[in-house]
Amino acid sequence: MKLRTTTPLALLAAAALAAVSACSPGSTSGGGGDPNAFEFWSMSGIDQQRSVDQYTQKHPEIRVGLTEVGSSQETAQALTTALAGGKVPDLVLIQGDDLPKFLEQPQNFYDLREFGADEIKGDYLDWVMAQATAEGGEIIGIPTDVGGMGVAYRTDLFAAAGLPTDRESVSALWPTWDDFIATGQRYVAATGKPFVDNVPTSVFYQAVNQVSQKYYDDAGNAIYADNPEVKEAFDLALRAIDADISAKLSYASEGWNAALPRGDYAVVSAPSWMLNSLRRIAPDTAGKWDIAAIPGGAGNWGGSYLAIPRRAQNPQAAWAYIKEMQAPERQLSHFLDVGTLPTTPEVYEDPQLLAETEPFFSGAPIGRIYTQALLGLEPFHMGPDTATIGAEFLNALVDVEQTGGDPATAWDRAVGNIRTAIGQ
């Protein structure tokens, strides 16, 4: 899923992905002493209600109190507060970038091996499960999806700009990110309109998720300030901003949502979990979109985990939901419904997944596109402040793109803010 964060500039980022509406955690009924009910906190905008409805239709005796807390960052913050002494939910969805900080205190969660997680962990990608396993071996989360990356583009707007429109030819336009920027300049020159929605998420956040090491090395040491791969992604983003190809609209902001159906920009990053958002926000543009390969090769952006806080009142009911709804066949079913890429590799060769095409995106074979975007990926270590570090880099780029911040000092400002935020 999905950038799902909230930052001082509000925008944000990445994550956010989702953020649509927000309500107060714990406002729904569920859990308590009723063994047939449990309370579930989720990020907004990622359609967990669909899974809950499917589950309760099959198990009418079960009641699920689903609360969409807000963005991923807001959900993580609400969980942090609850773990410190408030009322915890029975089940919570945690974005992958936020999970490492919770993993540092595994005692706050049930070790899912108590329920049999050891028996099913082999169903999931090894590197994804490793990110949910504490140093002592405790498994605190079961992965719901991964974020194979792609680029969604408007075929009608590309045609008007004199650019090719079929996905193979469009993919060939940008084998590298610099080729992507050059294509954007061609588009702007032909139309006078912005090419991409924004640089911080559609360029930086995708490029920085294609690295072999990101903000931490394999031993868990923070290397964000010295990692040349991160600096290269940051500098790439500054070049894209300087090329003036962006609509400068932060993902999931009010302006972004309004501009999407109007065609005010032609290209947007499209990790698999975002497909449903595009369909939901711009339904009248069905058939005008397609999906091309991501510049620069394989990578992963996003993904989430289901976890059970230690003080949950109905952990058995929560686990029953996890085990059934995250089984390979259910992850495949969810992909066919909404497009989120399964974490269960056994379905990657499933005929249904490989044959899946998406009418909204001009019949794009999304199963093939997103599994190819994920294969060959080099998983990198996620540290406790991965989400905070990423948000500060994004803030610095948003400052340059939207408020005239000095690009020459943007990197140093970002690094300084990160050191202040995480204390190292």
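Student: Is Glu74 buried, partly exposed or exposed?

Tutor: Glu74 counts as partly exposed, at 34% relative accessibility. Buried means under 20% relative accessible area, exposed over 50%, and partly exposed in between, with a 1.4 Å probe and protein chains only. This is a predicted model, where local features need pLDDT of at least 70, side-chain atom pairs count only at pLDDT 80 or more, and totals for chains, interfaces and linings use all residues. Residues are numbered from 1 along each chain as its sequence is written, and side-chain values use heavy atoms, with hydrogens and water left out.

Student: What does the side chain of Glu74 reach?

Tutor: The backbone nitrogen of Ser71, at 2.7 Å. Glu74 itself lies in helix H2, residues 72-83. Helices here are DSSP runs of H or I with at least four residues, strands are E runs of at least two, and both are numbered from the N terminus.

Student: How far apart are Glu74 and Met43?

Tutor: They are 31 residues apart in sequence and 8.1 Å apart in space, C-alpha to C-alpha.

Student: New topic. What is the volume of the largest pocket?

Tutor: About 470 Å³. A pocket is an open set of points on a 1 Å grid over the protein atoms alone, with protein on both sides within 12 Å along at least five of seven lines; a cavity is a set where a 1.4 Å probe fits but cannot get out, and lining residues have an atom within 4 Å of a point. Points are joined across faces, edges and corners, and a volume is the space filled by probe spheres set on them.

Student: Where does the largest pocket lie?

Tutor: Between domain 1 (37-146 + 303-354) and domain 2 (150-300 + 358-422), because both give residues to its lining. Those bounds come from an automatic or database domain assignment.

Student: And the second largest pocket, which element gives the most to its lining?

Tutor: S8, with six residues. The second largest pocket has a volume of about 280 Å³, and it also lies between domain 1 and domain 2.

Student: How many cavities are there?

Tutor: The search finds four of 30 Å³ or more. The largest cavity holds about 210 Å³ of space. Its lining has 20 residues, and Gln48, Ser51, Thr144, Gln326 and His334 lie nearest its centre.

Key. A polar contact is a pair of N or O atoms within 3.5 Å; within protein, one must be able to donate a hydrogen and the other to accept it, and residues adjacent in sequence count only if both atoms are side-chain atoms.
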